[in-house]
There are 2 protein chains.
Amino acid sequence: MTKLENISMIKEANVYFDGKVVSRTIYLEDGSRQTLGVMQAGEYTFDTNEAEIMEMMSGDLEVKLPGESEFKTLNTPESFNVPANSSFDLRVKTVTDYCCSYIVA
Amino acid sequence: MTKLENISMIKEANVYFDGKVVSRTIYLEDGSRQTLGVMQAGEYTFDTNEAEIMEMMSGDLEVKLPGESEFKTLNTPESFNVPANSSFDLRVKTVTDYCCSYIVA
């Protein structure tokens, strides 16, 4: 169990894909932004604006990263990086808990 | 949009009902505990230890409170109180965003 201290948080949830992906936005002490969310089983494509570090904390899933032609199984907890202005695909097999860190250039 | 400042948060999600109800635990500056979560459509029974204030921020749902025989439609955002050591039932029709505040006696 990890406790994040001295953060701020947007109370209202972010809801995507008809609620199958939901998250909350937090801001760490240094001002950096993260979203902590949960994905239901399903297939999703996510677009990025800023570069992201996707920390998949638990769940069974596969990722297809930009420029890749094949999905890769993740052994959670496992993270991957995604460049800005790109997209990635996920095949989520079981409920997945994640943390997305946004990397401001 | 509501921003909660100077809080701490448990990073890992709380997952209930096979992921149909998920939440994160936060601690406000005064030390009081809340969970912010999202419910998928479904019917749920929740047991309470401490007394709770359930703030249903968005979504279409009905609640049957302890001692009541009928469900009541909530017009979100709407809150209800639940005594300690009791339980309540929810009929969630659309994805519901909520905040549960735990009231320590």
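**From one residue to the interface**

Leaving aside its neighbours within four places in sequence, B:Ile53 is in contact with B:Ser79, B:Phe80, B:Asn81, B:Cys99, B:Cys100, B:Ser101 and B:Ile103. This description, like the rest of the text, refers to a predicted model. B:Ile53 itself sits in strand E6 of chain B, which covers residues 51-58. Its relative accessible area is 30%, and because that value falls between the 20% and 50% cut-offs, B:Ile53 is classed as partly exposed. Another residue of the chain, B:Leu65, is 12 residues away from B:Ile53 in sequence and 12 Å away in space, C-alpha to C-alpha.

B:Ser23 belongs to strand E3 of chain B, residues 21-27. Is B:Ser23 buried or exposed? Its relative accessibility is 3%, which is under 20%, so B:Ser23 counts as buried. Apart from neighbours within four places in sequence, the residues in contact with B:Ser23 are B:Ala13, B:Asn14, B:Tyr16, B:Thr35, B:Leu36, B:Gly37 and B:Tyr98.

The next step is to look at how the two chains meet. Chain A brings 30 residues to the contact, and chain B brings 30 residues as well. The size of an interface is often given as the accessible area lost when the parts come together. Between chain A and chain B about 2600 Å² is buried, and carbon and sulfur atoms give 62% of it. On the side of chain A, the trio A:Met9, A:Lys11 and A:Arg24 supplies 25% of the area that this chain buries against chain B, more than any other three residues.

Polar groups also meet here. There are 19 residue pairs in polar contact between chain A and chain B, counting pairs with both residues at pLDDT 80 or more. Which elements of chain A give two or more residues to the side that touches chain B? They are strands E1 (3-10), E3 (21-27), E4 (33-39), E6 (51-58) and E11 (96-103). E1(A) gives the most, with 8 residues. Sorted by class, this side of chain A has 16 nonpolar, 6 polar and 8 charged residues.

E1(A) and strand E1 of chain B, residues 3-10, run in the antiparallel sense and pair over 5 bridges. Within E1(B), B:Lys3 stands opposite A:Ile10.

Methods:
Residues are numbered from 1 along each chain as its sequence is written. Chains are lettered from A and ligands numbered from 1 in the order in which they are written. This is a predicted model: local features need pLDDT of at least 70, side-chain atom pairs count only at pLDDT 80 or more; totals for chains, interfaces and linings use all residues. Side-chain values use heavy atoms; hydrogens and water are left out. Contact means heavy atoms within 4.5 Å. Buried area is the accessible area (1.4 Å probe) that two parts lose on being put together, summed over both. A polar contact is a pair of N or O atoms within 3.5 Å; within protein, one must be able to donate a hydrogen and the other to accept it, and residues adjacent in sequence count only if both atoms are side-chain atoms. Helices (H or I, at least four residues) and strands (E, at least two) are DSSP runs, numbered from the N terminus. Ala, Val, Leu, Ile, Met, Phe, Trp, Tyr, Cys and Pro count as nonpolar, Asp, Glu, Lys and Arg as charged, and the others, Gly among them, as polar. Two strands pair if DSSP finds at least two bridges between them. Buried means under 20% relative accessible area, exposed over 50%, partly exposed in between (1.4 Å probe, protein chains only).
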